[in-house]
Amino acid sequence: MKILNVSDLKVFFHTEDGVVKAVNGVDLELNKKDKLGLLGESGSGKTILASSIVRLVHGNVKEEGKIEYKGKNMRNINSKELRKMRINEFGVIMQNPSSSLNPALNIGSQISEVFRIKENISKKEAIRKTVDLLNKVKISEPEKRIKEYPHQFSGGMKERAVIAMGIAGNPDFIIADEPTKGLDLIVKHSIVKLLQEVSRDKTIIIITHDLDVAEKVCNKIGMMYLGELVELGTAGEIFKKQYHPYSKAFFESTPSKGMKPIKGYSGSLIDVPRGCRFYNRCDYCMDICKEEHPPMIDVENDRKVRCFLYARD
Ligand SMILES: Nc1ncnc2c1ncn2[C@@H]1O[C@H](COP(=O)(O)OP(=O)(O)O)[C@@H](O)[C@H]1O
Ligand code: SF4
Ligand SMILES: [Mg+2]
């Protein structure tokens, strides 16, 4: 069953230096229980894409394109309905756990607040549910821990607390933005396991630089480059073989695949090249690549690639 249908999504920030085209024409469909890994270099638009889907982008911004969630047009939703959806439908696990947690409030009050808003229950009942939830995300001695403040938590525990806060409303759709960033290997593995468990019956977008995380959790992969998706397909197939030259270079640049740096720089989102956005870094660049913008091309088995190498006459 289709849960999300995004078409021609654009998110442009108006700044003093010019228009930052953070997301520029993204099409994406997700089915219920899909687990999409969004990969790509820093600044390619991953966070803004995911945030825009759940209407969380703020500032001097212009957003365009269709976002349909469970058949609802997310552009027509009023703020009251959106507030409800943020609790009942969307679980957003933000990039930096320290900034998602309020340093002045203990962990218990922050998480129990979600239950209070969602279920309109007593403080005591909400605390009981918070203890259960902390057990679920494997925070030991939760009765004691709920009274502690974020600074008393280790990096891994903060990530668990933020995941708990994200899933407290029992959302159908989760966004986890770099959930294992900065964690050591053992903690990372335990967070991956936790994400697998909590997302089992849910749709999730995981933004990550870590191929290991994407391979363990995701059934689909989207590669982003300079504000657009350049390759989209099933995780199993993409892990076997990447078609887009950028995807290949990205995979080869990761620690598990040899750490070969990608040559050149991704450039500015203000002055994006007219043709292929990757042309100045691509070993296969042809004349057409500098002049024309490649469309997403269906290659095989649900694989789409934005590259003229796969164009058929
Ligand atoms: N509020 C904003 N105003 C202007 N530019 C922004 C704003 N938020 C993000 N950007 C820009 O949008 C681009 C995409 O950012 P982001 O989605 O955070 O990248 P990623 O998550 O892939 O690292 C970046 O160039 C970033 O600087
Ligand atoms: S369209 Fe051309 S420049 Fe772009 S990735 Fe493909 S071959 Fe390289
Ligand atoms: Mg980001």
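Biologist: At roughly what angle do the axes of α4 and α5 cross?

Modeller: In this predicted model, helices (DSSP runs of H or I, at least four residues) and strands (E, at least two) are numbered from the N terminus, and α4 covers 107-119 while α5 covers 123-136. Axes are lines fitted to C-alpha atoms, for helices over the stretch in contact, with angles from 0 to 180 degrees between N-to-C directions. The two axes come within 8 Å, and they cross at roughly 115 degrees.

Biologist: Is N120 buried or exposed?

Modeller: N120 lies in the loop between α4 and α5, and it has a positive phi of about 55 degrees although it is not a glycine. Most residues other than glycine have a negative phi. Buried means under 20% relative accessible area, exposed over 50%, and partly exposed in between (1.4 Å probe, protein chains only). Because its relative accessible area is 70%, N120 is exposed.

Biologist: And what is the relative accessible area of L226?

Modeller: L226, too, is not a glycine, and it has a positive phi of about 45 degrees. L226 sits in the loop between β9 (220-225) and β10 (228-234), where it is buried, with a relative accessible area of 3%.

Biologist: Which residues of α1 are buried?

Modeller: The helix α1 spans residues 46-53, and six of its eight residues are buried, so α1 is largely enclosed by the rest of the structure. After α1 comes R55, whose phi is positive, near 55 degrees. The buried residues of α1 are K46, L49, A50, S51, S52 and I53.

Biologist: Which residues does C218 touch, not counting residues up to four places away in sequence?

Modeller: C218 is found in the loop between α9 (211-217) and β9, and at 9% relative accessibility it counts as buried. From L49 it is 169 residues away in sequence and 18 Å away in space, C-alpha to C-alpha. Beyond its sequence neighbours, C218 touches K35, L36, G37 and A235.

Biologist: What is the volume of the largest pocket?

Modeller: On a 1 Å grid over the protein atoms alone, a cavity is a set of points where a 1.4 Å probe fits but cannot get out, a pocket is an open set with protein on both sides within 12 Å along at least five of seven lines, and lining residues have an atom within 4 Å of a point. The largest pocket is lined by 18 residues, of which R86, V92, V114, M165 and G166 lie nearest its centre, and α4 gives the largest share, four residues. Grid points are joined across faces, edges and corners, and a volume is the space filled by probe spheres set on the points; for the largest pocket it is about 480 Å³.

Biologist: Which strand gives the most to the lining of the second largest pocket?

Modeller: The second largest pocket has a volume of about 410 Å³, and of the 20 residues that line it, the closest to its centre are E29, K220, L232, D302 and K304. By class, this lining has seven nonpolar, four polar and nine charged residues. The most, seven residues, come from β2.

Biologist: Which residues lie closest to the centre of the largest cavity?

Modeller: The structure holds three cavities of 30 Å³ or more, and the largest has a volume of about 100 Å³. Its lining divides into 13 nonpolar residues, one polar and one charged. Of the 15 residues that line this cavity, the closest to its centre are P245, C276, C282, C289 and C307.

Technical notes:
Residues are numbered from 1 along each chain as its sequence is written. Chains are lettered from A and ligands numbered from 1 in the order in which they are written. This is a predicted model: local features need pLDDT of at least 70, side-chain atom pairs count only at pLDDT 80 or more; totals for chains, interfaces and linings use all residues. Side-chain values use heavy atoms; hydrogens and water are left out. Ala, Val, Leu, Ile, Met, Phe, Trp, Tyr, Cys and Pro count as nonpolar, Asp, Glu, Lys and Arg as charged, and the others, Gly among them, as polar. Contact means heavy atoms within 4.5 Å.
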